[in-house]
Amino acid sequence: RHGERKLGILLSGGVDSCALLHAAALSNIQFAAAITVSIVHPKSNPKSRAPDDESYAIEAARLYNEQLLPHGAKMIHKIVRLTPAQLIETYSPPTIKALALWGYMETRNSLIISAALNGASAAGLTDIVTGDNADELFGGSYDCYFSKQYESDLEGWKEKRNSMADLPFVTQKLAKA
C-alpha cells in the first residue's frame, strides 16, 4: 500500500537497543525489521569471527520473535557486515557532509549509524527506533567502564559516566540527510 509505515529498530546488541526491543515486545509493539551493523575483519584473517555485539543482537531478535511475541508477525533481522575499510570508504563522505563535523567519537559512531540507516532504507523501513548513549551511561560500553583505572576509583568512574551525558546525538541529523 502506498504510504504504509514500517517500523524498525537499530539493534546494536548493546544495553540500549536490547532494552528497547524488550520493552517494545512487552508493550506489543511490532517491528517489521531490526538492523544490526557488524564490523568484521577481512576473511583473510584466520582469527576472524563475529563480534560479540552481533551475537547479542541475534539473541535479542530471537527472543523477541520466539519468546516475547510468539503469536505475532516475526521481525526480520538484517545484519549488515562490513570491514573497517568498507565502513570508512562507503560512509565517511556522506556522514561528514551531513553532519559537518569530524572527530574521533562523533565520526566513529556516526559511520555505524549511517550504515544502519542505509540498511533500514534498503529494508523499506519508514520509521526507526534507536537508543543513543545508554551503553555508556549504564555501563555497557567497554570503551569506558572496563578499564582497570576505575576498579578502585569510584569518583573517577562517576565523573567519566557523567561526562558521557554530553556526547552528541547524531541519528536525527543523519536520517534527514
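Helices here are DSSP runs of H or I with at least four residues, numbered from the N terminus. The model shown in these views is predicted.

**View 1. S17 sits in helix 1.** Helix 1 covers residues 15-26, and S17 lies in this stretch. The relative accessible area of S17 is 2%. Buried means under 20%, so S17 counts as buried. Leaving aside residues up to four places away in sequence, S17 touches I9, L10, L11 and S12.

**View 2. Strand 2 pairs with strand 3.** Seven bridges connect strand 2 (residues 33-39) and strand 3 in the parallel sense. I35 stands opposite K78 of strand 3, and I39 has L82 in strand 3 as its bridge partner. Six of the seven residues of strand 2 are buried, so the strand is mostly covered.

**View 3**

**View 4. Strand 1 pairs with strand 2.** Strand 1 (residues 7-10) and strand 2 run parallel and are joined by three bridges. The bridge partner of G8 in strand 2 is A33. Together, strand 1, helix 1 and strand 2 make a right-handed β-α-β unit.

Definitions and conventions: Residues numbered from 1 in each chain as written. Predicted model: local features only at pLDDT ≥ 70, side-chain atom pairs only at ≥ 80, totals over all residues. Heavy atoms only, no water. Helix = DSSP H or I, 4+ residues; strand = E, 2+ residues; numbered from the N terminus. Buried < 20%, exposed > 50% of the residue type's maximum accessible area, 1.4 Å probe, protein only. Contact = heavy atoms within 4.5 Å. Pairing = 2+ DSSP bridges. Right-handed = clockwise from strand over helix to strand, strands pointing away.
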